[in-house]
Structures are given as structure tokens and as C-alpha cells.
Amino acid sequence: ATLLHQRGRDVALVDARFPAAGASGRNAGFVLTSQRETYPALIAQVGRPAAREILDMVRDNIARMRALTTQYEVPFEEGAIHLAETRAEARTLEAWARAYESDGIAVDFAQGDPYGAGYAAALQVENDFMVQPARLTEAIAAASGATFYDHNEVYRIEPQDQGLLVRGRRAHIRCRKVYIATNGYGCDLHPHLRRIVRPVRGQILLTTPVEPLVDVAGITEYNYFRQFEDGRLMIGGARIFFEEQEYTAEDAVTPNLLTHLEEYLRQWFPGIDFEVERHWAGIHGFTPDRRAAIGALPELADAVFALGFSGYGNSIGLLAAERMVELALDERDPGPLSAARFA
């Protein structure tokens, strides 16, 4: 919306609820030089040139996220650490570190971990940080220059005269172009998107305050956690252990996964005394190859989309939005994020 307003467009920002009500405001706030796959895995998937282009997008995105965080005075914390629980995972982390170094990114790789909890290795990448995601999302929306239509869930987009008609629960909007940025909920908007993105649930719990344990947020292969200034611990993840039940758009927590997260904390940080203060869920959008997808709807070329961030929207969402706008207004190919790969 901001990019379109800057290019002189009259913009309507439409939300099923309100800014940050979904996963954009419920995530743990990691802004990482990464995508769902490790960099060596991404190179193997798309080749070195395309992987480097995606990496450059991520680095640009992180710089812009920092600038917006500063501009809107949103709370943030420096750093985030990737952790290996086993020697095999440590070797994977080291390969990731070397691949980044070969492409000019400063990293700090070390055996062991900063918490003394028994992790096998740790990788920290320059410029990674943690943000308060709801505050940032709200600030970006408020400053976008768009006319806002909240609680207006969209259920159909259809051609009308020389433009498009967006049919919503509270308002129908006539427009020239539509930009779909609904991530995990995109598959319900148009049949074409069901082949590209599917909803996947993420769950997080928050503990009561405990003694200082985690001064830098951590990410393992299957979990992520951080500790706030008041001592509360946040942990999320564990989807892989309950994968079948988590491929859903149902916005609800489940006792089995939450118990797994609680047990993880007690296993790796034994002796801490806490209660679960609260918990919540959020719906991601995953593509088959875990890369974001940018494209246009068949037979509705003026309806474009950027979806499927696979849990890493903070790392590439701004640049994906830019590529989506450039596709719609300049006919620029989205490059390695083009949804044409799913044709």
C-alpha cells in the first residue's frame, strides 16, 4: 500500500479483521538473514545465481525493516542465534556459515552455545534482530496513505467494466488492480492459489517470568525461543512432530503441541520454575518449495499476489511486495520468486 501510494495511486487497504490481527502480529518477531531452507539447501534447489539474488533481497529487506523499526520507534533487540542440538546439525550449521562467508556475509560460528544448555554449535549472522511485529505492522499500515477497510473479509474478485470488483463482507470496491497479500488465507480467495499456497498453523506459548536464561533469541531446527526483559520466555515451533494436524487454517491451539513446547523448555533449561501464562496460534502460508510466490491470477491479469512466505515473511515480505508492485505496474519479472515455477 505504501509503495502504491508513493507512485500516485489511490489505495484501499482491505483486511478481514484489522492490521496485525493475523500472523503478521502474532509471530515471534525474528528478522533473519534466512529463508525456510538453509543457504546451501537453497543453492541446491535453485542454483547459486538465483540463491544469491534471494539472499540479496533478504539483506535489503532486513535493512529496510531496521529503518522502519527506527522510524516508527518500535521496540527491538539485537541478534538471533541458530542452534544445533546434535553433531550432525552442527555440521549443517557450519556448512551454512561457510556458504554465507563465501558470498560476503559476516557470521560467527562456534562449537557450543551461549546459554550453557548443551547445544552442539551456534551460528550468528550480522544484522539479524528481533522486533515487536504487531507494533511494526500497525505503524506501517497507519502511515501507508491508504484508505482502510477493516473487518471486510474479501470473498470474491471479479471483472467489471474496465476494471475489477472486490466483493467484501462490509464493502464492495471497484478498482483498476488488486494486490493479494493474504499469505496462508490466499488459497480460499481463488482456486489458482490452492496450487501455490496452503495454510499451515504455528503455535506459541509464553511463560511466567523466570531467571535470566536467554540473552539472545535462539532458533533450532524445529523450535525458536526468546526471553523478554521482564523474564517471560516465549517458545514456538514443533510443527514437524504434529505435521498432519497443523496443515490447517483453524485458528486454535492444541494441547499436544503446547505440551511439547513446554517440555522442550524443561529439557534444555532444567530446574526453571514457570507456569504457562498464555498461548496463541497463527496461520502461515507455505508453498511446495518453501519460497515465496509472486504472480498474477489467470484470466485476471490485473490481480497479482505475493504469498507463501513459509514462516519467514519478516525476512523478505517488504521486497516481495516491491516485486509484486513492479510486476503489476512495470511488467517486471519477479525473478526466482516468480509463481510461474508452479505452472
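This is a predicted model: local features need pLDDT of at least 70, side-chain atom pairs count only at pLDDT 80 or more; totals for chains, interfaces and linings use all residues.
Residues are numbered from 1 along each chain as its sequence is written, and side-chain values use heavy atoms, with hydrogens and water left out.

**The open sheet**

- Eight strands make up an open sheet with mixed pairing, in the order β5-β6-β4-β14-β15-β16-β13-β17; helices (H or I, at least four residues) and strands (E, at least two) are DSSP runs numbered from the N terminus, and two strands pair if DSSP finds at least two bridges between them.
- At the edges stand β5 (107–111) and β17, each with a single partner strand, so one side of each has no neighbour in the sheet.
- Strand β4 (residues 81–84) runs antiparallel to strand β6 (residues 121–125), and four bridges join them.
- Helix α5 packs on this sheet, touching β4, β5 and β6, and its direction makes about 155° with that of β5; contact means heavy atoms within 4.5 Å, while axes are lines fitted to C-alpha atoms (for helices over the stretch in contact) and angles run from 0 to 180 degrees between N-to-C directions.
- Helix α8 (residues 255–268) also packs on the sheet, where it touches β13 (198–207), β15 (223–227), β16 (233–237) and β17, at about 45° to the direction of β13.

**Strand β10 and its partners**

- Five of the six residues of β10 (residues 163–168) are buried, so the strand is largely enclosed by the rest of the structure; buried means under 20% relative accessible area, exposed over 50%, and partly exposed in between (1.4 Å probe, protein chains only).
- On one side, β10 pairs with strand β9 (residues 154–160) in the antiparallel sense over six bridges, with Gln160 opposite Gly163.
- The hairpin of β9 and β10 has two residues between the strands, and Asp161 there takes a positive phi near 50°.
- Strand β11 (residues 172–175) is also antiparallel to β10, over four bridges; Val166 stands opposite Ile173, and the hairpin joining β10 to β11 has three residues.

- One cavity of 30 Å³ or more turns up in a search of the whole structure; on a 1 Å grid over the protein atoms alone, a cavity is a set of points where a 1.4 Å probe fits but cannot get out, a pocket is an open set with protein on both sides within 12 Å along at least five of seven lines, and lining residues have an atom within 4 Å of a point.
- The largest cavity holds about 70 Å³ of space, and its lining includes Ser34, Val58, Trp96 and Tyr100.
- Helix α4 gives the most to this lining, with three residues.
- Ser34 sits in the loop between β2 (30–31) and α3 and is buried, at 4% relative accessible area.
- Beyond neighbours within four places in sequence, Ser34 is in contact with Val58, Trp96, Tyr100, Tyr312 and Ser315.

**The second largest pocket**

- This pocket has a volume of about 420 Å³, a volume being the space filled by probe spheres set on grid points joined across faces, edges and corners.
- Of its 21 lining residues, Gln132, Pro133, Arg226, Phe228 and Met234 are the closest to the centre.
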